[in-house]
Amino acid sequence: MGAEGGAGVNAFEQALDWLGQPGRWSWTDPAGIPYRTLEHLGFSALSLVIAAALAVPPALVLAHYRRGAFLASSAVNIGRAIPSFGLIILFWYLASRWEVDTSFWPLLLALVALALPPLFTNTYAGVVSLAPEAVDAARGIGHTEGQIMLRIELPLALPVILAGARVAFLQLVATVAIGAIVNDGGGLGRFIVDGFAQGAGGYGEILAGGLAVIVLALVCEGVFALLERFAVPRGLTLSRRATLSTRPV
């Protein structure tokens, strides 16, 4: 017990020493936590935007016409089954064979692939859960199918879509750290990988890097909670609840 406790105290002391090193809080030095945090968020945000552009439009169309239910359910199972690290290794191997830049594309492609299932599934579920009366009323006043999707179904399904984006983004934040194993960047995960490379002398860097990833994930969780609360107008949220309440059980 004493030896284990001493090792833990030593790791915390190493972490404090590591955090106090020159340039550790620089926005421009790759050794700085702010620099790596921005890199981490950049990878995550870019992957989420690309995945949303690929997943939301087809899910919206399929849900509008009530098609693709099997595809939506399969997306859930695929999203749960895909091992993120295995996917990163696969894309890294393919990029190496095809002589493509391995410092960017393997991780980006893996992140996009991981974000697709929750975005597709939540978009589909958010649209099909709406009461058909809302769509019928829009058709009755002359809206085209495209207008119904963009002006009625998409806004009403937005809370569910944002919930899917929230899940996807938190998964991306966690996976970027893993990607540092095969990526020269890797955001905050770079500190964890570099710490392991140093052996016992890197425990402090590992601990500090791990805590930084945890804090970043918690902050992102809070930001998305606020986004879900304020990005959707209150009247629209109440309207969606009303449409859901009119559905027969």
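**Figure 1. Arg-190 is a buried residue that takes part in a salt bridge.** The relative accessible area of Arg-190 is 13%, which means that this residue counts as buried (buried is under 20% relative accessible area, exposed is over 50%, and partly exposed is in between, with a 1.4 Å probe and protein chains only). This is a predicted model, in which local features need pLDDT of at least 70 and side-chain atom pairs count only at pLDDT 80 or more, while totals for chains, interfaces and linings use all residues. Residues are numbered from 1 along each chain as its sequence is written, and side-chain values use heavy atoms, with hydrogens and water left out. The partner of Arg-190 is Asp-194, with 3.2 Å between the closest N and O atoms (a salt bridge is a side-chain nitrogen of Lys or Arg within 4 Å of a carboxyl oxygen of Asp or Glu). Asp-194 is partly exposed, because its relative accessibility is 29%. Both residues belong to helix α8 (residues 189–197), where they sit 4 residues apart, about one turn of the helix (helices are DSSP runs of H or I with at least four residues, strands are runs of E with at least two, and both are numbered from the N terminus).

Figure 2. Arg-36 is buried, because its relative accessibility is 9%. Side chains of opposite charge can pair when their charged atoms come close. The protein has a count of 6 salt bridges by this rule.

**Figure 3. Asp-136, Arg-139 and Glu-145 form a network of salt bridges.**

**Figure 4. The largest pocket has a nonpolar lining.** Its volume is about 160 Å³ (the space filled by probe spheres set on grid points, which are joined across faces, edges and corners). On a 1 Å grid over the protein atoms alone, a pocket is an open set of points where a 1.4 Å probe fits, with protein on both sides within 12 Å along at least five of seven lines; lining residues have an atom within 4 Å of a point. Which residues line the largest pocket? They are Leu-54, Ala-55, Pro-58, Leu-71, Ala-75, Ile-78, Leu-116, Pro-117 and Phe-120. Helices α2 (33–64), α3 (69–81) and α5 (105–128) each provide at least two of the lining residues.

**Figure 5. Thr-123 is a buried residue of helix α5.** Is Thr-123 buried or exposed? At 0% relative accessibility, Thr-123 counts as buried. Pro-159 is 36 residues away from Thr-123 in sequence, and their C-alpha atoms are 9.5 Å apart in space. For the whole protein of 249 residues, 38% count as buried.

**Figure 6. Four residues make a nonpolar surface patch.** Phe-85, Ile-89, Ile-178 and Ile-181 together make about 320 Å² of patch (patches are made of residues with over 30% relative accessible area and no salt bridge, with nonpolar side chains joined within 5 Å and like charges within 9 Å). Ile-89 comes from helix α4 (residues 84–97) and is partly exposed, at 32% relative accessibility. Stepping back, you can find 10 helices and 0 strands in the protein.

How values were computed: Accessible areas come from the Shrake-Rupley method with a 1.4 Å probe; for residues, only the protein chains shown count as cover. Ala, Val, Leu, Ile, Met, Phe, Trp, Tyr, Cys and Pro count as nonpolar, Asp, Glu, Lys and Arg as charged, and the others, Gly among them, as polar.
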